[in-house]
Amino acid sequence: MIVSSERLRLKKLESKIMTAEEAASLIEDGMTVGTSGFTPSGYPKEVPLALAKRAEKENLKINLYTGASVGDELDGALARAGVIAKRMPYQTNDSIRNSINSGKIEFVDIHLSHMPQMVRYGFLGKIDVAIIEAVAIRKDGGIVPATSVGNSPVFVQMAEKVIIELNESQPLELEGMHDIYIPKNPPYRKPIPITRTDKRIGTTYIPCDPQKIAAVVLTNRRDSVRPLAPVDETSKKISEHLIEFLENEVKHGRLPKTLLPLQSGVGNIANAVLRGLVDSPFEGLEFYSEVIQDAVFDLLDCGKMTVASGTSVTPSEEGLERFYKNIDFYRNKIILRPQEISNNPEVIRRLGVIAMNTAIEIDIYGHVNSTHIMGTKMMNGIGGSGDFIRNAYISIFATPSTAKNGAISCIVPMVSHVDHTEHDVMVVVTEQGLADLRGLSPKERAKEIIQKCAHPDYRDALMEYYKKAIDFSGSAHTPHILEEALSWHINYSKKGRMI
């Protein structure tokens, strides 16, 4: 197998070049494997596929740790092959989700900024093998990551063996885009010296002892990126409400004209909301977040945004082509950091990040469920939303007011699972309107959310519940009728009438 000296710069590692099947044989039953990848970006593909094929002939179980969600070649293939015993910290793949909800895989849902330090502290056991997708390997063994960083630095640091997938489909021009900084453990930890979104504090590669590198696998398989839905009317209205809110904050002197660094969750709604800023009056915007999607390219291209810091580039297929085509432009605007830094509470609070995330459901008092369907079935995971929401300058949750073509209200009396408490949620917005909850008591929040965010089909039923709860509880601090609150989804039909 021939590899370019630009990709493999440490000549002695040529003896470590092997097939994916040979590399997969280094992984034994019961091992814990940490991989690169954050959203379907920069994740290993060849070795996981070989591992799934190997599992057809032998019993094989591993614990799989990643940065966040990854592509089907990793999560999907290993879930369908029955290889995964335990998974953390976040996933979006149908196969793995079904296995989690059928009890075949144990899933640990964890704040993304917490996981790397928990690995380093030894709380999660040892990392036997790290599998990392790379653009190049330096002469000193340093690994130049691909389109994501995620937990790769801590997995490389803590793993006993490192397998590198050297992906020739990833452009060498990615080198220089990364900023790798690994904090020390307490009591030796120092302040993270990021004082501006565009400040670089680390190296452009992941340090790695060459002696750890057990295999190098050559590949040119591209990331299986997800399509993004076109901006629909619901997302457009949510974006309009948010822009109006931000303009009002500027008007009243609570935000500068350039705003403060923006964070946006992943997915269609988050991308569409961010896309609305292209047509806004705001200039000189900055982005300090996890995932860089198509809307960020739009804002960079039109000059509205000056810098974007994240831990992965995760566009649509069209966005990926645009990224590769204009990579010389973007590499001067985009910084990719470890998720321990991109999601770090210290930095988020220092920079004053405006956090915008999405929810599955929100209750009338401002508690948010972003992970579970009917309180039991895992959807994706909390991801980095908690990292940002609890430490934001302004914390915002967006959701359509209804789901399933209007059959379900996303504003409910009591969420079936709590990921974010009322204490951390400042603003709730749907296509119906925006509720500013800052400084409001629970009863004040309830009226604001029902009147401004609930769909008209459910508004009367929610207000009826609220009034009954006040009478039932004697106007308690947070009025509830638990039996009715918990049966909301079961007992109410499309128009909010009791079945």
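Modeller: Contact here means heavy atoms within 4.5 Å. By that rule, 50 residues of domain 1 touch 46 residues of domain 2. Keep in mind that the model is predicted: local features need pLDDT of at least 70, side-chain atom pairs count only at pLDDT 80 or more, and totals for chains, interfaces and linings use all residues. Numbering runs from 1 along each chain as its sequence is written, and side-chain values use heavy atoms, with hydrogens and water left out.

Biologist: How do you know where domain 1 and domain 2 lie in the chain?

Modeller: The bounds come from an automatic or database domain assignment, which gives 11-219 for domain 1 and 233-495 for domain 2. Their C-alpha centres are 29 Å apart.

Biologist: What makes up the area buried between domain 1 and domain 2?

Modeller: Buried area is the accessible area (1.4 Å probe) that two parts lose on being put together, summed over both. Here that comes to about 3800 Å², with 57% on carbon and sulfur atoms. On the domain 1 side, Met177, Ile192 and Thr197 supply 20% of what that domain buries against domain 2, more than any other three residues.

Biologist: Why is the pair arginine 120 and glutamate 340 called a salt bridge?

Modeller: The rule wants a side-chain nitrogen of Lys or Arg within 4 Å of a carboxyl oxygen of Asp or Glu. The closest N and O atoms of arginine 120 and glutamate 340 are 2.6 Å apart, so the pair qualifies. Across the interface of the two domains, the rule finds three salt bridges.
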